[in-house]
Amino acid sequence: MNIPINRMAARSNTGFFVKYAAVGQTSRPMDFPHRDDYYMFVVLLKGDVTAAVDFRNMSLVEGEGLVLSPGHVHHIPHIRENVPTAWCLFVSSDYISATDQDRIERYSFSTSPFRFSRENIEIVGQLFEILNRNQEDIEFARALVAAIINRFCISLPESDAHLEDRYVAITIRFKHLLRELYVKEKRPAEYASRLNVSRVYLNEAVKAVTGMSVGAFIRNHIVLNAKRMLVHTDLDVNEIAENLGYEDNSYFSRIFRKETGMTPSEFRKNLV
């Protein structure tokens with residue numbers, strides 16, 4: 001089974017759409033794992049819900065929000081009869097300003113639910129209602145989308161004040177580069193070279209921002225993608241190792257076991 005990918009081009013020609021979840025609504029959250037090629041902004045107005053994001057269950061309660069970047073594998077594992085009241089904005093990257101994208105990138109290093117202030121939760125709810133009624137007025141709707149994104153971003157938890165902006169910036173660049181190259185390149189020194197910094201400096205920056213060394217961050221990223229394929233595809237372990245750039249299946253299995261405490265086969269057996 002491949003992981004379905006929802007694409008904005010197939011959902012909307014404006015680059016955004018909204019959904020409202022509440023008791024009596026016919027539209028239900030997706031209860032199967034999937035990815036999106038767009039951002040998702042969720043605010044919970046009433047009730048509670050558990051969302052699964054890359055093998056982590058996150059519980060949202062009234063007054064909290066969540067932002068997911070493109071590529072996260074996510075779903076609502078248990079849809080109850082009492083659907084919580086929530087708004088969701090789905091939006092392409094074109095709508096995310098450079099400043100807001102930076103805030104979301106910082107937040108994405110430890111994605112988790114966050115709490116809105118009482119004032120912001122009221123404003124966000126009102127903005128969603130106005131947007132829902134005026135989606136056909138494209139220019140007005142775009143302004144509302146920007147306002148909603150801004151309200152989410154100013155509510156995101158702040159990064160540690162002691163972190164240098166350059167540490168965060170270089171870690172974000174490393175993270176983007178890793179997404180592109182991790183199958184072919186796994187050496188920390190090569191990433192440092194491509195980023196025009198020393199290996200020591202890159203390791204210092206990544207560890208300050210994420211709590212992991214560069215090598216550990218690379219392994220974590222590889223193992224996460226291995227988990228996705230083990231759970232959501234029918235590929236055998238040899239094929240998964242090959243897709244991740246490993247010619248030696250036993251070496252891949254040793255890395256996986258070191259990171260998770262079990263072999264790839266044991267992981268699949270326990271969780272599928």
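1. In which element of the protein is confidence lowest, and in which is it highest? Confidence is lowest in strand β8 (residues 74-75), at a mean of 76, and highest in helix α6 (residues 188-194), at 97; pLDDT is the predictor's confidence in each residue, from 0 to 100. For the protein, the mean pLDDT is 88, and 91% of the residues reach 70 or more. Where pLDDT is low, the predicted coordinates should not be read in detail.

2. This is a predicted model, in which local features need pLDDT of at least 70 and side-chain atom pairs count only at pLDDT 80 or more, while totals for chains, interfaces and linings use all residues. Residues are numbered from 1 along each chain as its sequence is written, and side-chain values use heavy atoms, with hydrogens and water left out.

3. Helix α3 (residues 118-133) and helix α4 (residues 138-155) have axes that come within 10 Å and cross at roughly 160 degrees, and the two helices are therefore roughly antiparallel to each other (over 145 degrees, on a scale from 0 to 180 degrees between N-to-C directions). Helices here are DSSP runs of H or I with at least four residues, and strands are runs of E with at least two. The contact (heavy atoms within 4.5 Å) includes I123, L127 and F128 of α3 and L144, I148 and F152 of α4. By class, the residues of this contact are 14 nonpolar, two polar and one charged; Ala, Val, Leu, Ile, Met, Phe, Trp, Tyr, Cys and Pro count as nonpolar, Asp, Glu, Lys and Arg as charged, and the others, Gly among them, as polar.

4. For helix α5 (residues 165-181) and α7 (199-210), the axes come within 8 Å and cross at roughly 100 degrees, so that α5 and α7 are roughly perpendicular to each other (65 to 115 degrees). Among the residues making the contact are Y167, I170 and F174 of α5 and Y201, L202 and V209 of α7, and the contact divides into ten nonpolar, two polar and two charged residues.

5. Helix α8 (residues 214-232) and helix α10 (residues 249-260) also cross at roughly 100 degrees, with axes that come within 10 Å, which makes α8 roughly perpendicular to α10. The contact includes R219, K227 and L230 of α8 and F252, F256 and E259 of α10, and by class it has six nonpolar, one polar and three charged residues.

6. At 69% relative accessibility, N196 counts as exposed (over 50% relative accessible area, with a 1.4 Å probe and protein chains only).

Definitions and conventions: Parallel < 35°, antiparallel > 145°, perpendicular 65-115°, else oblique. Buried < 20%, exposed > 50% of the residue type's maximum accessible area, 1.4 Å probe, protein only.
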